[in-house]
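Subject: Structure for your review

Dear colleague,

Please find below the structure that I am handing over to you, followed by an account of what was found in it.

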Amino acid sequence: MTLLLGPPGCGKTTLLQALSGKLNPSLKVTGEISYNGYKFTEFVPQNTSAYISQYDLHISEMTVRETLDFSARCQGIGDRADMLKEISRREKQSGIVPEPDIDTYMKAISVEGLKGTLQTDYILKILGLDICADTIVGDAMNRGISGGQKRRLTTGEMIIGPNKALFMDEISTGLDSSTTFQIVTCLQQLTHITEATLLVSLLQPAPETFDLFDDIILMAEGKVVYQGPRSSVQEFFEHCGFRCPKRKGVADFLQELLSERDQTQYWYRKDQPHSFVSVDNFIVAFKKFQAAQKLNEELCTPFNKRESHKSALSFNMYSMGKWELLKTCMAREWLLMKRNSFVHIFKSSQLVVIALITMTIFIRTRMKLDLVHASYYQGSLFYALIRLMTTGITELALTVSRLSVFYKQRDFYFYPAWAYSIPAAILKIPFSLMDAFLWTALTYYVIGYSPEPERFFRLLFLLFLVHQMAISLFRLIASVVRDPPFAANFSLFTLLVIFLFSGFIIPRPLLPAWVKWGFWLSPLAYSEIGVAVNEFLAPRWQQVSSSNATLGQQVLEKRGLNFSDYYYWISVGALIGFWMIFNIGFTFALSLLKPPGSSRAIISHERFSYLKAKEDLSDTALQKELPSVDSLTERKVKEMVLPFKPITISFKNVQYFVDTPKKLREQGYPQRLQLLQDITGAFRPGVLTALMGVSGAGKTTLMDVLSGRKTGGYIEGDIRIGGYPKVQETYARISAYCEQT
């Protein structure tokens with residue numbers, strides 16, 4: 001088990017991503033990486049190793065247990081089933097009776113495709129997540145687990161799989177030192193017992209956590225300063241003239257040693273003057289050190305591929321078969337639809353209310369069979385198309401919110417893009433059918449369209465296809481644009497163009513010749529043809545007028561929609577075609593587009609060299625111009641005071657309750673959960689207070705309650721500002737809150 005140390009920005013994340021095969025493909029990479037003698041091109045590194053990112057990306061509506069169960073299903077069981085068969089065979093040969101508990105556990109984690117496994121319970125236990133197993137992950141809008149618990153969930157999501165090469169990036173962020181120590185102890189046992197390979201990056205490990213590691217890699221400025229046994233690291237730096245004080249943590253000593261400001265204090269050769277030892281000088285010294293020479297000898301000996309076990313590396317892109325992957329993604333999509341059922345029910349209820357209003361505007365007692373009222377019929381049909389089209393816009397926000405999680409799981413080879421897009425398309429069909437039925441059933445006979453039952457069902461089917469097409473369109477826009485505000489604006493612009501070319505707002509004969517092609521590219525134009533042909537070619541519109549044309553034909557000619565009856569089926573075919581094109585486009589966008597990059601500034605080597613040279617010149621000039629320290633102290637220092645009123649914040653017996661989730665109530669928990677209990681204290685001017693506690697203790701909750709940032713739950717107790725009861729409107733003007741997110 002190796003610890004990767006180094007100051008922020010030294011390249012730890014980039015190294016971990018390179019070793020795990022997760023590096024951005026647009027970056028130029030030279031050198032060679034091999035697993036058991038196999039190069040990256042000879043196997044699938046992304047499915048062999050697990051990279052634990054420093055960013056916590058999870059679907060907020062899923063609980064901790066559901067997140068881990070989904071990850072376990074996608075990553076499969078690896079070689080556990082084969083291993084169990086081999087163990088059973090050897091036990092029978094030797095007459096060994098296995099311990100019942102271990103035997104049950106081994107058998108339970110060797111069954112593929114289970115919705116929930118003992119492995120999940122085991123991971124929840126060792127990461128200390130069992131107390132929040134049935135709590136949703138949450139986000140900025142929904143209350144969920146704490147920041148430290150999210151960090152542990154990110155770790156658990158990857159170690160639950162069968163991968164034995166683990167690269168962990170800053171797994172201790174937001175965790176207290178005790179929890180970090182417990183997790184690293186479990187990882188140490190995992191490494192030593194199962195012979196896994198672990199490289200863990202930590203920023204400031206406590207001394208007892210540091211002592212659990214076998215090897216150390218120390219990085220600075222994108223270079224490796226030291227790589228070797230933990231026991232030899234102090235010996236190497238003593239050889240360079242630096243000694244770690246007795247009561248100083250070795251990890252802090254190593255990182256401070258590379259800093260120009262802090263290096264001097266560790267110089268122990270008092271008889272020799274200290275001059276700054278640069279990173280490059282340390283690297284030169286390390287090459288002569290015995291640990292480096294031993295490392296070189298090991299690297300020069302090629303690994304015999306025959307010694308590699310057939311199950312050690314993964315040669316398949318995905319851990320499960322296509323059908324299992326589809327079932328797994330389908331189950332998750334169904335779960336998320338149930339969690340977001342309020343959105344779908346609200347949109348359907350909204351549709352019902354608007355349908356009732358529409359019925360009263362176009363009520364049949366006012367509608368007659370003439371050319372004037374035919375426009376009203378056509379208007380009501382077009383309005384139905386608009387309503388069903390715009391109802392699908394909710395899909396935009398839902399899709400955009402999950403894209404970051406999708407990209408993470410796609411790049412970790414959990415599942416391919418089609419396994420995500422097919423369930424998203426199929427499971428929306430019942431909602432489209434329900435919305436189309438609600439609108440048609442309420443409005444059709446009240447407005448007084450053609451009374452034949454087959455025309456009722458033909459309109460219902462067309463509205464269903466419009467809703468499906470709209471959902472697919474907004475899903476495609478979300479996957480291509482990806483930025484929520486821009487995606488919303490782009491969607492509205494797309495709707496505007498589709499409406500303009502639909503043949504109703506601007507009738508087809510009035511379209512300029514150079515944009516007539518736009519009519520045939522608008523999905524709504526085909527819908528308009530379908531509903532118009534369905535209504536105005538009905539028997540009741542076949543009265544012949546003086547111009548030898550039926551009333552229905554006159555209405556259609558006026559709008560440029562004078563098509564035959566079979567054009568209804570052409571419209572149906574066109575809408576199904578658009579639905580397929582949008583869904584295939586959605587799948588391709590998910591497969592081919594890269595995730596939006598993190599905000600890192602990237603410059604060329606030439607520009608970097610130029611800036612570095614410029615910086616060195618300015619430093620030299622500055623040193624010449626700067627006066628001595630003595631002359632600075634002689635000058636009179638001018639001070640400025642910013643006038644403000646010191647404020648004391650006091651609070652007494654503060655309690656905070658939240659409603660208990662339904663699942664926990666079923667297990668016998670009370671109606672309300674208490675998150676803060678009898679909190680009393682004060683914050684005084686001129687006194688710097690540290691709020692401490694283990695992960696999940698309620699630190700953020702207390703700060704949220706005191707600052708008035710809690711919009712849900714029940715707050716009790718007395719909070720006073722300067723001795724007066726707190727008024728949130730005034731307090732918000734004098735306070736500042738720096739969130740952990």
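Is Ser-707 buried or exposed? Ser-707 counts as buried, because its relative accessibility is 16%; here buried means under 20% relative accessible area, exposed means over 50%, and partly exposed lies in between (1.4 Å probe, protein chains only).

Please note that this is a predicted model, in which local features need pLDDT of at least 70 and side-chain atom pairs count only at pLDDT 80 or more, while totals for chains, interfaces and linings use all residues. Residues are numbered from 1 along each chain as its sequence is written, and side-chain values use heavy atoms, with hydrogens and water left out.

The chain as a whole

The secondary structure comprises 30 helices and 12 strands; these are DSSP runs (helices H or I, at least four residues; strands E, at least two), numbered from the N terminus. Of the 741 residues in the chain, 44% are buried. Along the principal axes, the C-alpha atoms fill a box of roughly 120 × 85 × 65 Å. The accessible surface is about 40,900 Å², and carbon and sulfur atoms hold 59% of that surface (Shrake-Rupley method with a 1.4 Å probe; for residues, only the protein chains shown count as cover).

Ser-707 belongs to helix 29 (residues 699-707). Apart from neighbours within four places in sequence, Ser-707 is in contact (heavy atoms within 4.5 Å) with Lys-726, Gln-728, Tyr-731 and Tyr-737.

Four strands form an open sheet in the order 10-9-11-12, with antiparallel pairing; two strands pair if DSSP finds at least two bridges between them. Strand 10 (672-683) and strand 12 (724-725) stand at the edges with a single partner strand each, so one side of each has no neighbour in the sheet. Helix 29 packs on this sheet and touches strand 9, strand 10 and strand 11 (714-721), its direction making about 70° with that of strand 10 (axes are lines fitted to C-alpha atoms, for helices over the stretch in contact, and angles run from 0 to 180 degrees between N-to-C directions). Strand 9 (residues 649-659) pairs with strand 10 over eight bridges, and Val-654 has Ile-679 in strand 10 as its bridge partner.

Salt bridges

Side chains of opposite charge can pair when their charged atoms come close. The chain has 28 salt bridges, a salt bridge being a side-chain nitrogen of Lys or Arg within 4 Å of a carboxyl oxygen of Asp or Glu.

Lys-223 and Asp-280 form one of them, with their closest N and O atoms 2.8 Å apart. Lys-223 lies in strand 8 (residues 223-229) and Asp-280 in helix 12 (residues 279-287), so this pair ties together parts that are 57 residues apart in sequence. Lys-223 is partly exposed at 32% relative accessibility, and Asp-280 is partly exposed at 40%.

In contrast to that pair, Arg-89 and Glu-86 both lie in helix 4 (residues 80-94), three residues apart, about one turn of the helix. Their side chains meet in a salt bridge of 2.6 Å, N to O.

Arg-455 forms a salt bridge with Glu-452, the closest N and O atoms being 3.8 Å apart. Arg-455 is buried at 8% relative accessibility, and Glu-452 is buried at 18%.

Yours sincerely
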